[in-house]
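My notes follow in the order I took them.

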Amino acid sequence: MLNVNSKTGAFAGLSLALGILVCTFSSGPLSAADKVKVRVISDWAFQAQAAVFTNAIEKGYFAEQNLDVSIDRGYGSADAITKLASGVYDIAFGDINSMMDFNAKNPEKTQSIAVMMIFDRPPLSIFTFEDAIKTPKDREGKKMVTSAGEANLRMFPLFAKLAKFDQSKVQLVTVQPQLREQMLIKGAGDVATGFYYVSLMNFKALGADTKKLKSFLYSDYGIKVYGNAIITSKAFAAAKPDVVKGFNAAVAKSMHDTINAPAATIPSIKKRDGTVDEAIETERLNIINREFVLTPYVQQHGFGGIDKQRMAESIDQVTEALELPAKPKVDDVFTDKFLPPVKDRMLK
């Protein structure tokens with residue numbers, strides 16, 4: 001169980017030779033029309049998790065890679081991955097487990113693959129204000145506010161198995177994703193599912209007493225799955241490998257900004273959604289970095305990659321939890337051939 005209060009921290013050249021001035025002319029930066037257009041969809045609204053992409057756009061990191069990147073907000077990972085497969089978008093930021101589910105259950109459709117891991121730890125969690133709920137088993141006989149199709153709910157059976165409680169004794173109260181926190185505050189349920197960094201800050205924005213709030217992170221109970229990743233179609237990766245490499249290189253550069261100067265990256269989000277509370281999103285970004293990006297593994301090996309043994313175990317868990325018709329191979333889920341050098345992926 002996580003105590004939510006204790007974890008809230010170019011070049012131009014002139015050459016002179018033999019007294020003669022030699023000028024080297026440059027055509028200047030490429031225009032947007034000269035760059036490769038890349039359409040990106042995020043997993044959710046323009047909140048802190050999108051800062052690494054919006055900041056890279058505003059700072060010109062994608063432009064440095066000859067890319068003209070646009071990004072749209074999403075409505076959940078499943079929706080983002082479905083739109084990616086349809087060809088509406090070239091790249092998606094979403095839950096890798098939802099990607100596995102889509103690929104396995106839609107073999108006739110465009111298959112996707114993760115090309116850079118962003119969340120080394122999944123933000124799947126359950127929240128409660130109830131003093132009596134101290135362990136996962138305590139939610140037996142309780143009502144759980146959740147949303148149909150969301151990753152937390154789909155992985156709930158595995159969580160119940162590993163945390164040793166009977167999921168059939170938990171009554172589901174299904175609402176729209178944006179209403180979960182409100183409904184829990186209003187007493188419609190005893191617990192609620194949610195991505196940790198999303199729900200926590202939503203509770204704060206709603207004025208809830210977060211001193212009484214407790215969360216149970218799935219990863220604390222033996223779930224080894226990964227979280228959100230940069231995902232593209234296998235066809236796009238094969239046809240435009242340099243584009244994927246350039247995209248990842250720009251994200252790696254931007255990731256350093258989100259870690260070292262998080263508040264400075266938030267205006268790039270607000271530019272796309274004027275209702276954004278910069279203080280809330282800065283705090284949210286700090287939580288994301290601390291809890292889900294800068295894990296011990298990432299600090300040792302650099303972000304963006306995976307541990308293949310852990311991924312194999314993750315695939316086993318996802319196959320069981322989501323009842324996949326066939327277990328995917330690691331190389332069909334994630335590839336590291338588009339990653340920047342490790343030195344560019346080491347974070348402080």
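**Entry 1: a strand residue.** I began with A92, which lies in strand β6 (residues 91-95). Strands (E, at least two residues) and helices (H or I, at least four) are DSSP runs, numbered from the N terminus. The model is a predicted one, so I note that local features need pLDDT of at least 70, that side-chain atom pairs count only at pLDDT 80 or more, and that totals for chains, interfaces and linings use all residues. Residues are numbered from 1 along each chain as its sequence is written, and side-chain values use heavy atoms, with hydrogens and water left out.

Is A92 buried or exposed? I found A92 buried, at a relative accessible area of 1%; buried means under 20% relative accessible area, exposed over 50%, and partly exposed in between (1.4 Å probe, protein chains only). Leaving aside neighbours within four places in sequence, A92 is in contact with I41, A80, L84, A229, I230 and I231. Contact means heavy atoms within 4.5 Å. A229 is 137 residues from A92 along the chain, and their C-alpha atoms are separated by 8.2 Å.

**Entry 2: confidence.** I checked pLDDT, the predictor's confidence in each residue, from 0 to 100. The chain has a mean of 91, and 91% of its residues reach 70 or more. Over residues 6-29 pLDDT stays under 50, and the model has 15 contacts beyond four places in sequence for that stretch.

**Entry 3: helix α6.** I listed the buried residues of α6 (residues 156-163): F156, L158, F159, A160 and A163. Their cover includes β8 (124-128), β9 (143-146), α5, β12 (214-217) and α15 (308-321). After α6 comes K164, with a positive phi near 60°.

**Entry 4: cavities.** A cavity is a set of points on a 1 Å grid over the protein atoms alone where a 1.4 Å probe fits but cannot get out; lining residues have an atom within 4 Å of a point. Grid points are joined across faces, edges and corners, and a volume is the space filled by probe spheres set on the points.

The largest cavity has a volume of about 70 Å³. Which element gives the most? I found that α13 does, with four residues.

The second largest cavity has a volume of about 40 Å³. D95, N97, S98, L124, A151, R154, M155 and L322 line it. Here α4 (96-105) and α5 (151-154) are the elements that give two or more residues.

Technical notes. On a 1 Å grid over the protein atoms alone, a cavity is a set of points where a 1.4 Å probe fits but cannot get out, and a pocket is an open set with protein on both sides within 12 Å along at least five of seven lines; lining residues have an atom within 4 Å of a point.
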